Amino acid sequence: MNHKKLDKQARKILRENDRGGYTVPTRRLYPYQWNWDSGFAAWGFAAFDVKRAWFEIQTLFHGQWDNGMVPHIIFHKRADGYFPGPDVWGTPRIPHTSGITQPPVVTTFARSIYEADKEYGRVHMELLYGRLVSWHRWFMKHRVTDGMVAITHPWESGRDNAVDWDGAMANVDGSNVGPYERADTHHVNPEMRPKKEDYDRYLAMVQFSRDSGYDEAEIARNGPFRVADVGMTFILLRSCRDLLAIAAELDHITQEIRGWIHTLEQGVSRHWNENGGFYDSIDLRTGEHAGSLSSASFLCWYAGMRDDRMLPHLKRILDNVSFAVPSCDPESAAFNSLRYWRGPVWGIINTLIGLGLAEAGHIEFAERIRRDTRKLIAEHGFYEYFCPHDGAPAGGDAFTWTAAIWLTWASPSAKGRL
Ligand code: DGY
């Protein structure tokens with residue numbers, strides 16, 4: 001493997017997906033700024049252009065709502081070929097945005113970028129801090145139930161069609177959404193994307209939120225979908241820990257953030273599924289566990305939990321696949337090696353799992369995951385996701401976050417830690 005050449009290619013992908021202040025996840029399929037994609041992009045840019053890294057974070061926060069929420073898409077300027085666009089979301093602000101959020105990885109990456117160059121980053125971090133706090137406060141006020149983070153749409157999790165949502169999705173009525181035309185299946189093989197019945201329901205949820213005027217209280221009471229997402233709880237817990245470290249560094253009062261961490265730690269124990277013996281999501285409408293052992297269940301170490309009950313599952317799954325970590329347990333009847341979040345390997349989740357495992361001292365597991373990710377990218381390119389059995393690349397090509405995690409974590413020349 002010529003990793004210097006791959007490093008160069010990765011930097012080129014970030015530059016080419018740069019739209020002058022924000023980075024698109026990949027051209028055509030995702031032509032706007034996505035929230036957690038941008039967090040990874042900023043971290044990737046920081047490997048060679050720290051100024052551009054901070055700019056990425058600033059443009060993301062241009063989309064922040066008055067209530068603190070940071071939307072999952074910012075529609076800075078008109079672009080063709082994506083559905084549902086700004087007209088469907090109908091949010092009352094400029095720049096136009098979607099009306100849901102995404103996992104707050106940007107807090108963790110902003111901290112890492114700051115730690116690497118405090119002198120340059122100080123003023124950026126001071127300007128960002130209040131915005132980060134108000135986003136976290138929004139999560140805690142509107143979305144945290146019994147210490148677990150509720151999502152109101154599968155797109156908020158970032159793991160759109162994960163098996164975790166199957167039970168809750170079955171109770172969403174998608175039969176009245178009216179005619180629409182998807183754009184994603186024009187860009188990639190439909191077998192690699194969510195199905196039509198999923199999209200009908202995705203739209204029903206968007207329409208409900210839009211018609212409520214994006215009223216969080218009404219969405220909490222009557223929204224068609226409300227699931228405590230194990231991945232979101234772990235990621236928010238991690239980001240609160242990093243926010244606490246930032247607050248201490250900037251001499252801000254930390255009591256409120258300590259309280260959030262305590263609340264979320266209590267929530268983590270509620271995510272434990274006694275029957276399955278793993279961390280799991282919960283349908284908040286029925287109170288039932290999803291019964292889905294997904295790659296997000298392995299984010300417990302990233303969240304700072306020192307709980308090794310998940311290790312035997314990880315070992316079994318890694319013994320079962322050529323490439324770690326499949327997004328769904330390969331022994332599950334719902335596993336599909338190609339279809340988006342129902343089986344394929346995602347480099348970004350591998351990175352978060354790997355970072356957490358390394359921090360918890362599980363170096364061998366962390367290294368296996370890093371080696372597999374490196375091999376997938378070196379052999380197949382910077383794709384969106386990959387088959388865990390034969391490594392076949394899938395989804396979008398020249399993908400921003402795959403290039404970003406290559407530069408920061410997967411490449412032999414990467415730092416490999418936060
Ligand atoms: C999509 O359009 O597939 C996105 O994942 C939604 O955010």
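1. Basis of the note. This is a predicted model, in which local features need pLDDT of at least 70, side-chain atom pairs count only at pLDDT 80 or more, and totals for chains, interfaces and linings use all residues. Residues are numbered from 1 along each chain as its sequence is written, and side-chain values use heavy atoms, with hydrogens and water left out.

2. Background. Most peptide bonds are trans, and most residues other than glycine have a negative phi.

3. Phe 83 to Pro 84. This peptide bond is cis, its omega being near 0 degrees. Pro 84 sits in the loop that runs between strand S2 (73-75) and helix H4 (86-89). Helices (H or I, at least four residues) and strands (E, at least two) are DSSP runs, numbered from the N terminus.

4. Ile 94 to Pro 95. Here too the peptide bond is cis, with omega near -5 degrees. Pro 95 belongs to the loop between H4 and strand S3 (96-97).

5. Asp 251. Although not a glycine, Asp 251 has a positive phi of about 65 degrees. The residue lies in the loop between helix H12 (230-249) and helix H13 (255-270). Asp 251 counts as exposed, at 70% relative accessibility. Exposed means over 50% relative accessible area, buried under 20%, and partly exposed in between (1.4 Å probe, protein chains only).

6. Tyr 340. A positive phi of about 60 degrees is found at Tyr 340, which is not a glycine. Its loop lies between helix H14 (311-320) and helix H15 (347-359). Tyr 340 is buried, its relative accessible area being 4%.
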